[in-house]
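I set out to record, entry by entry, what I looked up in this structure.

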Amino acid sequence: MADRLSVIVVENDRDRALLIVDSLREAGDFDIHVIGEATGLGRRVKALSPDVVLIDISNPSRDMLEELALASGPMERPVAMFVDRSDDGMTKAAIEAGVSAYVVDGLNPKRLKPILDAAIARFHMFQRMRTELMETKRALEERKVIDRAKGMLMKARGVGEEEAYAMLRKAAMDQGKRVADVAGALVTAAGLLG
Amino acid sequence: MKGTVLSVGFIPLLDAAPLIVAQEMGFAAEEGITLDLVRAPSWSSLRDMLSFGRVDAAHMLSPMPVAAALGLGGTQAPLAAVSVLSINGTVIGVSNALAERLRDGGHDFAFNDARAAGTALIKAAVPTLRIGVPFPFSMHAELLYYWLSALGLPAPQNVDIRTVPPSLMAQAIEAGEIDAFCVGEPWGSIAVENGVGSLLLPGAAIWAFAPEKVLAVRSDWADAEPALLGRLIRAVWRAGRWLGDSSSNTLAAELLSRPTYLNLPAEILDRSLNGSLVISARGDQRDTPGFIEFHAGAASFPWRSQAQWIGLQLALRTGLDRVASVNTAEGVFRSNLHRNALRQTSAELPAASSKVEGALGARTTLPAESGRITLSRDVFFDGRVFDPSQIER
């Protein structure tokens, strides 16, 4: 086996791939390749013949890599296997973080650990970022709806912005709903009434 | 009452129906359980989710737990198949270019004659046929190999088999990465709908009673939770019985089409449930009785002989010892657990747990554990039979 472990990262989001590569560089001296698209994934991985392949567990193309486990004939040394069976704890942590790792059978778990640790930390961070992004988007959408509802009330009732918001908030409290939901209902109703 | 919550993984396919229906139509609630259905992105991730306890049970390709027991692919926790979820329901399709060559060669796309379709396909293929299947260990792959090899094209050696996830199959054929595919519905119909392929044959034309998907659990979980497992098996069996009644098709298609499940048009799902498929972009339609079966003919019963057939096929193409593989495979389909769970219901249970596969040319009534049971036609297209007792031990 060569001294440097070769690692393939399968990831089509360029920024994300770069972040993973960066954190792998920090974790050790690895020979890293990134594959961006699913087309011909199996063949390209096979051509590069890496020691480790990292892929997001939610990537449906992952099944293409399973084929490699058999590609060289199961009686010979498998090309790739799911994370070494010797360490269930590490595998479980990887799966929970959303990483699937394929490693050449027989690779020393000690050499794999820094790679997986880095990938797991990175994937956890992505999950938090995804959640934050979704929350932010939702908050923005709601803000827009509330602003529209406020505007409609100000026009219809001839009140100021603060009073319009107070009306929305009171209606929400009376009905046990969220301000955004009441505003949404108002905007929809106004849309229907023309 | 919510009862005990069981998390169950599934892949968005028509044959996940028994699990979805068990939850949505209240069959799970009747047994005092709630199924928390988790949609998985790929078969390998679903297998890992089950192995590592992220889910309690899973929708699974019938050869997957057998392959795991034989040490093929990423081996983890031993898995048990406790019910068969569906019989058949797959289609073989070809690219537009290949369909054109088949038509030029005089093939009629009758959609019921595996010998004619296979012979025409081998003749029209240039130079090496590239075929997409959803997973290396799938009934799709086994049916293809059996079919092509029997017709003189030794497979998988002489074909280029590629793993393509079901939802990407239409895309792969459009991009010219594959010439043909074998995939579970509705993904074949989606390829037709997108105008990128034609359907050549239903899987049922190769083997009339092929166990397609199973309900899989971890073996240690099955042994530790017999009562809970019994409730799950009964809930899913009742869902299968409901699905087996064709008057349920419209509602079943609506349920499955929901965004959290398959997120696909109900109209397409309805076609496959009715066995009335549109096979080409020109709108040609073919009816296949028994295209997919959830109940009739003791469909849910996990026959040991089915597992043995799978074990033998896997051994033949991977070079494993045949006798040892067949013996190991037999223990993966847990006929007794299925029996124990259904004994207190009205289910007809066969007297034996193993049979000669491919021997029934028509519906046949046989003695059951109590009373009689009707089994469905189960022949292979080439008339061969698989008698597990004939495997030398």
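The entries below give what I looked up, with cut-offs stated at first use.

**Conventions.** I worked from a predicted model, in which local features need pLDDT of at least 70, side-chain atom pairs count only at pLDDT 80 or more, and totals for chains, interfaces and linings use all residues. Residues are numbered from 1 along each chain as its sequence is written, and chains are lettered from A and ligands numbered from 1 in the order in which they are written.

**Domains of chain B.** I looked up the domain assignment, whose bounds come from an automatic or database source. Domain 1 of chain B covers 4–88 + 210–260 + 294–348, and domain 2 covers 90–208. Their C-alpha centres lie 26 Å apart. I found 18 residues from domain 1 and 21 residues from domain 2 in the contact (C-beta atoms, placed from the backbone, within 7 Å). On the domain 1 side, α4 (63–69) and α14 (304–318) of chain B each give two or more residues. That side divides into 10 nonpolar, 5 polar and 3 charged residues (nonpolar: Ala, Val, Leu, Ile, Met, Phe, Trp, Tyr, Cys and Pro; charged: Asp, Glu, Lys and Arg; polar: the others, Gly among them).

**Sheet of chain B.** I traced an open, mixed sheet of 5 strands in the order β7-β6-β8-β5-β9. Strands are DSSP runs of E, at least two residues, and helices runs of H or I, at least four, numbered from the N terminus; two strands pair if DSSP finds at least two bridges between them. The edge strands are β7 (160–163) and β9 (197–202) of chain B. Strand β6 (residues 130–133) of chain B runs parallel to β7(B), with 4 bridges; B:Arg130 has B:Asp160 as its bridge partner.

**Strand β3 of chain A.** I checked burial in β3 (residues 52–56) of chain A and found 5 of its 5 residues buried (20 or more other C-beta atoms within 10 Å of its own C-beta, placed from the backbone). A:Val52, A:Leu54 and A:Asp56 lie on one side, A:Val53 and A:Ile55 on the other. Strand β1 (residues 5–10) of chain A runs parallel to β3(A), joined by 4 bridges, and A:Ile8 is partnered with A:Val53.

**Helix pair of chain B.** I noted that the axes of α1 (residues 17–24) and α11 (residues 226–244) of chain B come within 8 Å and cross at roughly 100°. Axes are lines fitted to C-alpha atoms, for helices over the stretch in contact, with angles from 0 to 180 degrees between N-to-C directions. The two helices are therefore roughly perpendicular (65 to 115 degrees). The contact of α1(B) with α11(B) has 10 nonpolar, 1 polar and no charged residues.

Notes: Angles under 35 degrees count as roughly parallel, over 145 as roughly antiparallel, 65 to 115 as roughly perpendicular and the rest as oblique. A residue is buried if 20 or more other C-beta atoms lie within 10 Å of its own, exposed if 12 or fewer, and partly exposed in between; C-beta atoms are placed from the backbone. Two residues are in contact if their C-beta atoms, placed from the backbone, lie within 7 Å.
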